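Here is a quick briefing to read alongside the model. Have a look at the structure first, then work through the notes.

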Amino acid sequence: MSLAGSLFSFRSFRSRLIVFLLALLVPVLGGIFYYVNTNNTEYTEETINSYLEFGADVFDYTREQQALTLQVITNSLTSDFGFRTAFAANDPATLFDAALNVMDRSFNSVDMLLILDLDGQVIIDTETQGMEMLEGPWLQLLNTADADEEGRAEMIIAINGLPFQVIALPLYLPRQVAWIVGGFVLDQEFVDRVKKTILSEVSIVKSEQVLGSENLDLEVIVSTLTSDDQSALAQQIQFDGAQLASLQRISAASQDYTSLLRRLYGNEEEPIQVFAVIQRSYDENSENVVQFRSLLIQFYLLVLVVSLLAVLFLARSITTPLSKLVGVVKQIEEGDYDRSVAVESNDEIGELADSVNSMARGLAEKERVRDLLGKVVSHQIAEQLLNNPIELGGEERVATILFSDIRGFTTFCEGLPPKEVLKALNIVLSTISDIVEAHQGVVDKYNGDAVMALFGVPIKGTTDTANAMSALLDITAALEKMDSGLSACVGITTGIVVAGNLGSSNRMNYSVIGDTVNLSARLESLTRLYNVSNIVSEASRDDAPNFAYRELDIVCVAGKSQAVRIFELLGIEGELSSSKKSEVADFSEALKEYRYQNWDAAQEQFSCLQVKCDNTQLYQVFLDRIEKFRIDPSEPNWLGEYVFGSK
Amino acid sequence: MVSAQEIVLRLLDADGAPVPGAVMELLSGSSVASTSTGLREARIDQLDKEFVPTVTTIVVGGSASFPNSDDILHHVYSFSGAKTFDTPLYGSDANSQYREMFEVPGVVEIGCNIHDWMLAYIYVGESDLMAISDDVGVAGLTNIPPGQYRLRVWHSRLDAPQNSVEQDIVIEAGRTEEVELTVELARDRRVRRAPSANRKRYR
């Protein structure tokens, strides 16, 4: 699964639904919030901006009004006869007093007076700045006035650290004889007055270049702010070209201010510049925005909660019956078919539940059939029948056929009631069947005390013949262990069989037929003749080489023209006792002599074996044949085979 | 003894325009007692809130009267070094007998403390050979005794010390001396009469 796939795969339907809802809802709500918030904030900033612009205009207007008053007073002074007389008296001390007198009468409209002669020499200066000749901004003021038709000029000039709005006018006597400069200070009273009108904070800030340095020394000259906010203002305000024109946000201790600057004095190159700063509380103005934003967030939360609840309800209405269904299906998977789901809905879930219920019923039915089938036929054949379309006909397969019979059973049954006989037979057959199945064999049929078992059909393995050999050894050992006088005689053949369903279309039977099957039955019956517990065909022996065998004979069984070599399975290779090994070797020698028709030698060896070993009957078979061949010699091309005339 | 010696001064500004209202004075070593009453008793009227005339010449020791032809009061004053004075407020004909004496030569600027734009000049001369340039900038004197003089030209806006320039000149018998002078005029800084001053007056 890809990374994305694993990231977005959720085990529960509910979480998938929730994620889907969130993925749908959150971007939409977020987008709306962003749009509304941006617009609102913009609008608020515009409002603040216009408030501040208005405030700055009122500041200028107030200043201009006061400047007008100043002009009126200063102008009327120029034509005051008493003042003219004082000026004409040419006594600076008198003139100074006259100037102070005018200032006293001006109701604080005039805070300073400066009188200069036409050459720019200072006659009196109520601020006593110590100037003899005009300098700096004063010179600029007078030059402006001189260039003016009316001889009038206005400016803001910093005097002794305070900004003064000043106006220069000619003093007529009746011709111009001097310049008279009046000024009023932009002080606390002034900013308080402006604040009353514009309801915004007003400060006047001076920026002064520190000598020999790029740094600016900022000083708040007067302000309506608290002293803490004033120091925040002095620390944060920027006077650079771009920032001068734009609104600036000042974060003070009490609140945030949006600030607008107006230059009052000095240009960018000058060491001293004075600015008016109009400030408005950002928080106060954005209160509506904040309120609206919190309302919006509350609304969003409500929408989210309601949607989540709806989704949970929806998910529940699906997942609860689904979980029930899953539980039932799991139980069915484990083989418990007696469960049914109770879902009372008419939707797809209800339909699904109905389907599951009927499926469970169907499975239970099938299981009963399979169970029964498994009892009637082998488990593997039952599977084969259940899983493949049942049809008549078969296929050619290589298989190993095991035929087992019980020797001594007739004797065993003598004198026992039939029920006991059947019980004993069932025990034996069950034992054989279990051994066969333990070695991946399939019991094909029972016939009295005989059992026919298949290896390699219907399911092909890699060690089918070896499994048959192991089963043979186990069956023999099991019957010996029963110690009931019963023993097994087994024939095993390997070869091509036809496997498939035999019978009619109504009643059929999975089985195998063919020469291999017949031969197996023949070999089983030959065990009595040779007095051995088993006989396996050459093909079987070749297919299971890890066992120890001894060749018994070459025989032509009834109904078969071709001679086959037959073997006795002795055990597992390498586990034979030394006496058995020598018997096998001696028997092999004797058989060789027999096949070379060295009757004397063969007779002697078989007789010798008969004396040494237990299975006297086997050697007697050959001794009898030797007697017969002496009387009635075999055909010239005889290779040692023995032909059995009848079944 | 009638002689025909004359001087005609043509005064032009830097732009070649005639300069009216300039005073030409001929100064000689010996002062000559003037016989002209006009130079001894000047009259500076106040008419329609203006001084008439705006330039007056008086010989040292002469006097001027300041009658009032308007129906409102005027307050004439001067803070000039040559003569500082001021009259009390006075109305029409109330001041006809009032005279100011001018004992020191120089220029006296007079104004009205009520009407700031009112401005007139009294040129107090050292000799009685004085004339004022007319509208075409020409000032002339006749019957001048021949001799060596110093010609002084004064104008309120003349851009020179004491607003005046001087030069030597010889007046010869029977001849008319013609002098053409170009002068630099400074900008005049004075109170202008507002156009509304006439309309808003009390009736």
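The notes below go from the overall picture down to single residues.

This is a predicted model, so local features are kept only at a pLDDT of at least 70 and side-chain atom pairs only at 80 or more, while totals for chains, interfaces and linings use all residues. Residues are numbered from 1 along each chain as its sequence is written, and chains are lettered from A and ligands numbered from 1 in the order in which they are written.

**The two chains**

- Chain A has 20 helices and 19 strands, whereas chain B has 0 helices and 17 strands.
- Of the 647 residues in chain A, 31% are buried; for the 203 residues of chain B the figure is 34%. Buried means that 20 or more other C-beta atoms lie within 10 Å of the residue's own, exposed means 12 or fewer, and partly exposed is in between, with C-beta atoms placed from the backbone.
- In chain A, 60% of the contacts between residues at least 6 apart in sequence join residues at least 24 apart. A contact here is a pair of residues whose C-beta atoms, placed from the backbone, lie within 7 Å.
- Where the chains meet, chain A brings 11 residues and chain B brings 10. On the chain B side, those split into 4 charged, 3 polar and 3 nonpolar. Asp, Glu, Lys and Arg count as charged; Ala, Val, Leu, Ile, Met, Phe, Trp, Tyr, Cys and Pro as nonpolar; and the others, Gly among them, as polar.

- Chain A has a mean pLDDT of 84, with 95% of its residues at 70 or more. pLDDT is the predictor's confidence in each residue, from 0 to 100.

**A sheet and its helices in chain A**

- Five strands of chain A make an open antiparallel sheet, in the order β7-β6-β10-β9-β8. At its edges are β7 and β8 (248-251) of chain A, each pairing on one side only. From one strand to the next, the twist averages 35 degrees.
- β6(A) and β7(A) run antiparallel and are joined by 7 bridges; Gln209(A), for one, has Leu216(A) in β7(A) as its bridge partner. Two strands count as paired if DSSP finds at least two bridges between them.
- Helix α6(A) lies across β6 and β7 of chain A, at about 135 degrees to β6(A). Axes are lines fitted to C-alpha atoms, for helices over the stretch in contact, and angles run from 0 to 180 degrees between N-to-C directions.
- Which residues of α6 (188-198) in chain A are buried? They are Phe190(A), Val191(A), Val194(A), Lys195(A) and Ile198(A). Down the axis of α6(A) they fall within an arc of 135 degrees, so they line one face of the helix. That arc is taken from the directions from the helix axis to the C-beta atoms.
- Those buried residues pack against α2 (13-78), β6 (201-209) and β7 (216-223) of chain A. Exposed Glu189(A) and Lys196(A) sit on the face of α6(A) turned away from the buried side.

**A sheet in chain B**

- Three strands of chain B form an open sheet, β3-β7-β10, with mixed pairing. Its edges are β3 (41-43) and β10 (99-102) of chain B; each has a single partner strand, so one side of each lacks a neighbour in the sheet.
- β3(B) runs parallel to β7 (residues 62-65) of chain B, with 3 bridges between them.

**Spots to look up**

- A cis peptide bond links Val457(A) to Pro458(A), with omega about -10 degrees, and another links Val52(B) to Pro53(B), with omega about 0 degrees.
- Asp48(B) has a positive phi near 50 degrees. Asp48(B) is exposed, with 8 other C-beta atoms within 10 Å.

Definitions and conventions. Helix = DSSP H or I, 4+ residues; strand = E, 2+ residues; numbered from the N terminus. Contact = placed C-beta atoms within 7 Å.
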